[in-house]
Amino acid sequence: HLYPVTIHLDADAVVLGKLDDLAAAAVADPGICGVPDYPELTLAYQLGELAGARDALDGAVPGADLDSRTFNGGVFAVDARYYEERMRPFVDRLLPHHELFWGNDMAIMNFAAYAANRSRPYIDPGHIYNTRHSYRRAPGLAPNRIAGWDRRGLPKLVGPFGRVRVLHFVGKDKPWATTLPDNDSVACWRVYRELARQTTGL
């Protein structure tokens with residue numbers, strides 16, 4: 001393998017801090033590290049209710065516990081060998097049925113992680129590695145806030161779980177395509193958008 005660990009980041013995620021711990025956790029047992037949603041979701045949610053979805057899952061992963069909690073597929077790290085040897089066989093079985101699953105590719109990764117290690121499908125490194133721009137399903141949580149600026153002039157974003165390492169704009173509304181409520185998460189994104197423009201000229 002060219003790289004022992006792969007870190008996946010959705011295009012709507014902004015990296016604000018080091019990801020060393022995320023990568024290091026992926027080489028432990030099991031070989032995949034991801035952050036659950038908040039409040040947590042389950043395999044049943046990823047499966048959805050389309051006709052044929054449960055049969056497709058049972059054919060690839062018989063007897064799956066649908067109450068098993070899942071990680072959000074926007075940010076995760078996986079050990080390359082663990083994926084090839086333990087997860088990929090299940091991914092290959094499930095891929096032909098991806099349109100049946102509500103969570104689509106995220107569902108397949110969670111099903112495969114569960115099948116590879118039913119007692120502990122993944123390692124949870126903490127929500128700082130996948131902080132939502134808003135927690136609509138948990139309105140009681142404190143919003144993200146800019147708690148200061150570092151010596152480079154970049155914002156220090158703090159969320160309900162601590163200093164944010166990855167800011168994830170989950171959902172259909174994105175700061176570059178629609179008008180999101182003006183808040184510190186969007187302000188943080190604007191800083192990095194401007195930095196990218198200055199760096200790339202785009």
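These legends accompany close-up views of salt bridges and nonpolar cores in a predicted model. Local features need pLDDT of at least 70 and side-chain atom pairs count only at pLDDT 80 or more, while totals for chains, interfaces and linings use all residues. Residues are numbered from 1 along each chain as its sequence is written, and side-chain values use heavy atoms, with hydrogens and water left out.

**View 1. E40 and R69 pair through a salt bridge.** A salt bridge here is a side-chain nitrogen of Lys or Arg within 4 Å of a carboxyl oxygen of Asp or Glu, and the model has 10 salt bridges by that rule. For E40 and R69 the N to O distance is 2.7 Å. E40 sits in the loop between β3 (32-36) and α2 (43-47), and R69 in the loop between α3 (53-60) and β4 (71-79), so this pair ties together parts that are 29 residues apart in sequence. Helices (H or I, at least four residues) and strands (E, at least two) are DSSP runs, numbered from the N terminus. Both partners are partly exposed: E40 at 45% relative accessibility and R69 at 32%. On this scale buried means under 20% relative accessible area, exposed over 50%, and partly exposed in between (1.4 Å probe, protein chains only).

**View 2. R152 meets D150 in a salt bridge.** Here the N to O distance is 2.8 Å. R152 is exposed at 60% relative accessibility, whereas D150 is buried, with a relative accessible area of 19%. Elsewhere, salt bridges that share partners join E40, R69 and D124 into one network.

**View 3. The largest nonpolar core has 29 residues.** Such a core is a set of buried Ala, Val, Leu, Ile, Met, Phe, Trp, Tyr and Cys residues joined through side-chain atoms within 4.5 Å. I32, L57, V61, M87, F101 and F111 have the most contacts inside this core. Two or more residues come from each of α2, α3, β4, α4 (80-94) and α5 (104-116), and α5 gives the largest share, 9 residues.

**View 4. F111 and its contacts.** Leaving out residues up to four places away in sequence, F111 touches L43, Q46, L47, L57, V61, L94 and F101; contact means heavy atoms within 4.5 Å. A second, separate core of 13 residues includes L19, V75, I123 and V166.
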